[in-house]
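Here are my notes for you to read beside the model. Please keep the 3D view open and find each residue as you come to it.

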Amino acid sequence: TLDSGDERSIPLTSVPPWLPPRVGFSRAGSAQDRSLPLGLLSLAASARAHGADPMLLDRDDALAAAPSLVVVDGESGSPTEVREHLEVLARRFPGVDLCLATGVGRDSDNQPESRLESLRYVLRGEAEPTLGELLHALRSGRREFSGVRGLDWRDRDGVLHREPDRPLTLTPTAHPEPAWDLCPDVLRERLPRGFAPWLTSWTCPPTCPTCHGSFGRSVRVRDRGHALAQARRVLAEGARGLGFLDEVFDHDVFAAKALLRGLLKFERPTRLAFARGLRAETIDLELATLLARAGLRRVDVPIQTASPRLQSLLHEHRDMGATRRSVAHLADAGIFVTGTFQIGAPGEDATDRRITRSFAQSAAFHRIRFRTRSSAFPVNPRGNALPGLTPVEARRACLQARLSCAWAPARAWRVVRWTGRQLLGAGITGRI
């Protein structure tokens, strides 16, 4: 459980102007969750840019100092998990104001946890600029926050006020780079040794767990010159390569090609890795070749299901024909492609699993992985209950899928050919 330690919390309005206020960031769900908290890191960077001292909170870690404000990621768990987590924070930090970031596309009116009396602030929509304005207002001694767009706030009498919505910023050049230094251990697990984190675009919202499902929607893209300048700096500081943390790097083919051509102009060769994989739906042979020449050797293509019926049910909307062509282009460019599929999705039946296995076998993957998803009590994006598998049934179905796709001569030959090219140094090294 969270422990505020021996040092008492100082309200933000009472923090001396020369002392940076401590702002804690926390997420609900399992304490053993090792995923990258990109949304919290973006918010922490915004808080740091406005003079705060950010820190990540964990429910199982004792804290040496209590924060003056705690910001909770509203998309880090189910509504029940978020509500329980807020209650835990309220008990452990009785004098600390709690703030909930609901995320883009999620209405706080439909989130009962955002109406808890223990909550002082709710950040709606794009939270980074709203948090910055809120911190500035608090440091200025304000007690009311009219005019801070995208904010719900509760006054000292407990009355809830709602400010107008904040428009989405589709070019986040003004946003600072996420505070990667707050979670170096997670980055080490996600990226190859010596690779520096590199983020060139955000989907909406930044922490959306179905980012690949939001493909084609609003995407915030960093200025290309700014992104390349950062890449040049980290490489000059000794990084072995660049680790993309973009959810959907290939959402814009032309922007992706321009960025890779910029990398090819660097004096020293680069190496690339994609911690979150590629959507692999819009990749043509030219983009695949540029990726290989820029230093990409291996990539993962996460696909929840190949069944059109199940995709429609889950609102994923993936073009499997385009995905098949993109995977083939990546393989032809000399990139080792791993297909990661999910077994046990909400509403999945035997026919859906057969379609997914057939696609996995016939596409030009070098390796196929099946992962289990327990969906005993599943809910689809619209909140409707769907029939699902129990954990035992999901593991059994996953094992059957692995056995059925364990061996394929064409895939074995692709692996042998890729290995031979690596051993002989026949990777693509030219320039476009």
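This is a predicted model: local features need pLDDT of at least 70, side-chain atom pairs count only at pLDDT 80 or more; totals for chains, interfaces and linings use all residues.

1. Residues are numbered from 1 along each chain as its sequence is written, and side-chain values use heavy atoms, with hydrogens and water left out.

2. The whole chain. You will find 12 helices and 15 strands; these are DSSP runs numbered from the N terminus, with helices (H or I) of at least four residues and strands (E) of at least two. Of the 432 residues, 51% count as buried (under 20% relative accessible area, with exposed over 50% and partly exposed in between, using a 1.4 Å probe and protein chains only). The accessible surface is about 19600 Å², and carbon and sulfur atoms hold 53% of that (Shrake-Rupley method, 1.4 Å probe; for residues, only the protein chains shown count as cover).

3. Contacts along the sequence. Among contacts in the chain with a separation of 6 or more, 74% are between residues 24 or more positions apart. Contact here means heavy atoms within 4.5 Å.

4. The cores. Which residues touch the most other members of the largest nonpolar core? They are Leu-291, Leu-330 and Phe-365, in a core of 56 residues. Helix H6 (residues 253-264) gives the largest share of this core, six residues. A second, separate core has 25 residues, including Leu-40, Ala-44, Leu-123 and Ala-137. A nonpolar core is a set of buried Ala, Val, Leu, Ile, Met, Phe, Trp, Tyr and Cys residues joined through side-chain atoms within 4.5 Å.

5. A closer look at Leu-330. Leaving aside residues up to four places away in sequence, the residues that Leu-330 touches include Leu-278, Ile-283, Leu-291 and Val-337.

6. Helix H6. The buried residues here are Val-253, Ala-256, Lys-257, Leu-259, Leu-260, Gly-262, Leu-263 and Leu-264. Their cover includes strand E8 (195-198), helix H5 (224-236) and helix H7 (285-293). As a check on length, the 12 residues of H6 should span 16 Å at 1.5 Å a residue, and the end C-alpha atoms are 17 Å apart, which agrees; the expected span is 1.5 Å times one less than the number of residues.

7. Aromatic pairs. How many does a search of the whole structure find? The search finds 11, where rings of Phe, Tyr and Trp (its six-membered ring) pair if their centres lie within 6.5 Å, and planes under 30 degrees apart count as stacked, over 60 as edge-to-face and the rest as tilted. Phe-341 and Phe-359 are edge-to-face, 6.3 Å centre to centre with 70° between the planes. Phe-341 lies in strand E14 (residues 336-343) and Phe-359 in helix H10 (residues 350-362), so their pair ties together parts 18 residues apart in sequence. Phe-341 also pairs edge-to-face with Phe-365, at 5.8 Å and 90°. Both Phe-341 and Phe-365 are buried. Elsewhere, Trp-198, Phe-244, Phe-249 and Phe-274 form one aromatic cluster.

8. Arg-353 is in helix H10. Is Arg-353 buried or exposed? Arg-353 counts as buried, because its relative accessibility is 14%. Arg-353 touches Ile-343, Glu-348, Leu-389 and Ala-397, not counting residues up to four places away in sequence.
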